[in-house]
Amino acid sequence: MQARKKYVLLGLCTCCWLLLFYWGGLQERLLGLITYRRGEVARPWPDWLDRALLPGFADQAELQNDGGPGDSPRQRRQAWAGIYKDSHCRMETCFDFGRCQAPSGFRVYVYPPEKSERVSESYRKILTSVAESRYYTSDPREACLFVLGIDTLDRDQLSTQFVPNVDERIRGYPLWNDGRNHVIFNLYSGTWPNYTEDLGFNVGQAILAKASLNTEHFRPGFDVSIPLFSKEHPQKGGERGWLVRNTVPPRRKYLLMFKGKRYLTGIGSDTRNALHHIHNGKDIVSLTTCRHGKDWEKHKDARCDHDNQEYERFDYQELLHNSTFCLVPRGRRLGSFRFLESLQAACIPVLLSNGWELPFSDVIQWNQAVVEGDERLLLQVPSTVRAVGIDRVLALRQRTQMLWEAYFSSVDKIVLTTLEIIKDRVYSHISRNKFMWNALPGGLLVLPEYSTHLAHYPFYYFNLGISPGQEFTAVIHATSPLVSQSQPIMKLLQLVSKSKYCSQIIILWNSEKPPPHRSKWPPMPVPLIVTDGRRKTSSRFLPHAAIETEAVLSLDEDTMLLTSEINFAFHVWRSFPERIVGYPPRSHFWDPVKKAWGYTSKWTNEYSIVLTGAAFYHRYYHHLFSHYLPSSLRALVDRTSNCEDILMNFLVSSVTHLPPIKVAQRKQYKEMPTLQGTKMAPWANPEHFTQRQECVNTFASWFGYMPLMHSQFRLDPVLFKDHVSVLRKRYKDLERV
């Protein structure tokens, strides 16, 4: 009985609920019909009693404008879709991977400029960087990627650099193919007053390498966001960052600074016009001026005169050098020159540019180098940066320096980073991971064709907590024919093979005469391989497949070393596997009279080069030497039969930003007399030294700076010179010299 009552009660409740729902909905529809017939608009729910007070805040139309000037997000998306019809492009849909397959691989073709073509200085630098890269090809048939010869950097129609009729011209290119496999570089787009992202021509299916990209329009995995850089930005090298290692204290005189233009009207004015609210003239210096443009006085407001006067009190460079954080607010466009300036100065960028897709965002972890603020929450910025701890400040500043030197210090690096990002997308199976891009020495110096495993690179050993292998491969560069069993190379083979760490010996035969039969070589406890060097000096640094160990001991055929010296140098190298470790030192210097770099072989307390005639290094540098350096430098080495050791030192120092390491040796190498029937030693040629002087300057010119670093550091065996029994010493033979 009780159960029946429960079911009846439940049924009644259900019927009441259905009736309420039906009549309530019907009444609502009737109310809408009546108000429609009367030409009235139904009052939206709820009916606020204080509606008269609401207009002082924001209405629905204002909220759709995203709190700033310009069109609504929907209007902006529609405009973007009209300009870029392929706004949904991805590599899988708008890129022809077939053009990038072997045998040509990843090659980039630059359209030749037309006669009387106007090309800005910045675009000329970009084209030069592509043309001098290892990916350049002059044959469009073997190209994977294409770069226009038309200057597309400045698409502001009011600019003197604006190039008209781009749409018509590119459609006439037989290779254009609706932009497929093309990359278009751009720094400025749109014009006054809205500064939209309209380039003024249809990019089709081309990849955009663009500054000030908005996240709404950025096509992830397809476009590349690049930094805004000035026409003075250097082609190569660039200046080093301003942070001195382990600078203490990490905080500087000023906590936060900005000095720059403000805009009285139009897009970008809201953010900069509000910066004066956080200025206190003490630890926060936020200075703006409206004194720019021809008619600024016509639009100046009540603050202009005071702001202009305060603006002149502070020097911009002095503020950069002495500030912990630097504000980087948006200008007319999302990007700003302040961004790169702050990175170089190790002044932690505080970004106020909502919607900005940061440069190279695909690969760089920007949260480790910048503080991202919100334009609408400017007043919270001071308290936010005050809360950043000292350890975090130092970590952020150090990361700014790593990123600046790896990717932004020159146009070369910006262009090459763009190409490498695209290349990683094309060959995703051997692409770099985020760690490689965000750790020293940076992605440009990590060639994934060598390996995709971190443990195979010498500069990651410390981060991974691992040590290199306990064996080495000796590579002996032989140029003289074998005419006597008493030649230095025979003794060298015996001494090297006695080392318990020696895995194998490779003789790189570069003599004009064919190598002797295997029976002519002495018996050895380790494998001996004789390979043809094709009479090229640079072949000693080829990535020979026979080298299986991480450590390479590079030797000249006339090198005189003891087995104990070899063992000690190998022990030292295992502690510094990213550097060159060896015996004969040399140095470079700046000659102020000739205004050129000099080279010296004098034995002094200071050195910057360790010759590879007797040195250990990691085998990865063979791969870099052959695939990273341009063929022109290797051709110079082969043409002069000289300087390959200097070039290898340049390369390794550019990777590590550290000098090589010299280890203890006997008083001096004894120069062996030239045997009858053998060639004169290279060092005996009067032109040898002059060539090396010229090489130093040629290499410095290609790198764009001088990577070699001086050192007075030398490592000797423990108890090397102590007055104790020689029998108690590990490297006994070194005492007897």
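Which residues touch the most other members of the largest nonpolar core? The legends below concern a predicted model, and the first of them takes up this question.

**Figure 1. The largest nonpolar core, with the residues that touch the most other members.** This core holds 77 residues, and those touching the most other members are Phe-106, Phe-185, Phe-360, Trp-366, Tyr-407 and Phe-408. Helix α14 (residues 411–426) supplies the largest share of the core, namely 8 residues.

**Figure 2. Surroundings of Trp-366.** With neighbours within four places in sequence left aside, Trp-366 makes contact with Phe-339, Leu-343, Leu-358, Pro-359, Ser-361, Leu-403 and Phe-408. One of these partners, Phe-408, is itself among the core residues that touch the most other members, as is Trp-366.

**Figure 3. Packing of helices α13 and α14.** Two packed helices are described by the angle between their axes and the distance between the axes. For helix α13 (residues 390–408) and α14, the axes come within 7 Å and cross at roughly 80°. Angles of 65 to 115 degrees count as roughly perpendicular, and α13 and α14 are therefore described as roughly perpendicular to each other. On the α13 side the contact involves Glu-405, Ala-406, Tyr-407 and Phe-408, which meet Lys-413, Ile-414 and Thr-417 of α14. By residue class, the contact of α13 with α14 consists of 4 nonpolar, 1 polar and 2 charged residues.

Figure 4. Gln-368 is placed in the loop between β11 (348–352) and β12 (371–372). Is this residue buried, exposed or partly exposed? Gln-368 has a relative accessibility of 27% and therefore counts as partly exposed. Apart from neighbours within four places in sequence, the contacts of Gln-368 are Arg-392, Ala-395, Leu-396 and Arg-399. Gln-368 and Ala-395 are separated by 27 residues in sequence, while their C-alpha atoms are 7.7 Å apart in space.

Figure 5. A disulfide is a covalent bond between the sulfur atoms of two cysteines. The model contains 5 disulfides, and with bonded cysteines counted along the chain they follow the pattern 1-2, 3-4, 5-6, 7-8, 9-10. In the pair shown here, the sulfur atoms of Cys-100 and Cys-144 are 1.8 Å apart. The torsion about their S-S bond is about 65°, so this disulfide is right-handed. The bond links distant parts of the chain, 44 residues apart: Cys-100 belongs to the loop between α4 (91–94) and β1 (108–110), and Cys-144 to the loop between α5 (121–131) and β2 (145–147). Cys-100 is buried, with a relative accessible area of 0%, and Cys-144 likewise counts as buried at 0% relative accessibility.

**Figure 6. The disulfide between Cys-290 and Cys-304.** The sulfur atoms of Cys-290 and Cys-304 lie 2.0 Å apart. Cys-290 and Cys-304 are both buried.

**Figure 7. Thr-288 in strand β9.** Thr-288 is located in strand β9. Its relative accessibility is 4%, so Thr-288 counts as buried. When residues up to four places away in sequence are not counted, Thr-288 touches Phe-258, Gly-260, Arg-262, Arg-272, Leu-275, Asp-307, Asn-308 and Tyr-311.

Figure 8. How many of the residues of helix α17 (residues 488–497) are buried? The helix is mostly covered, with 8 of its 10 residues buried. These are Pro-488, Ile-489, Met-490, Leu-492, Leu-493, Leu-495, Val-496 and Ser-497. The buried residues of α17 pack against the strands β13 (472–478), β14 (502–509), β15 (528–532) and β16 (551–556), and against helix α18 (563–575).

**Figure 9. The disulfide between Cys-643 and Cys-695.** Cys-643 and Cys-695 are joined by a disulfide, with their sulfur atoms 2.0 Å apart. The S-S torsion of this pair is about 85°, so the disulfide is right-handed. Distant parts of the chain, 52 residues apart, are linked: Cys-643 is in the loop between α20 (631–640) and α21 (644–656), and Cys-695 is in helix α22 (residues 686–703). Cys-643 counts as buried at 0% relative accessibility, and Cys-695 is buried with a relative accessible area of 3%.

Definitions and conventions
Residues numbered from 1 in each chain as written. Predicted model: local features only at pLDDT ≥ 70, side-chain atom pairs only at ≥ 80, totals over all residues. Heavy atoms only, no water. Disulfide = S-S within 2.5 Å. Helix = DSSP H or I, 4+ residues; strand = E, 2+ residues; numbered from the N terminus. Buried < 20%, exposed > 50% of the residue type's maximum accessible area, 1.4 Å probe, protein only. Core = buried A, V, L, I, M, F, W, Y, C linked by side-chain atoms within 4.5 Å. Contact = heavy atoms within 4.5 Å. Axes fitted to C-alpha atoms, helices over the stretch in contact; angles between N-to-C directions. Parallel < 35°, antiparallel > 145°, perpendicular 65-115°, else oblique. Nonpolar A, V, L, I, M, F, W, Y, C, P; charged D, E, K, R; others polar.
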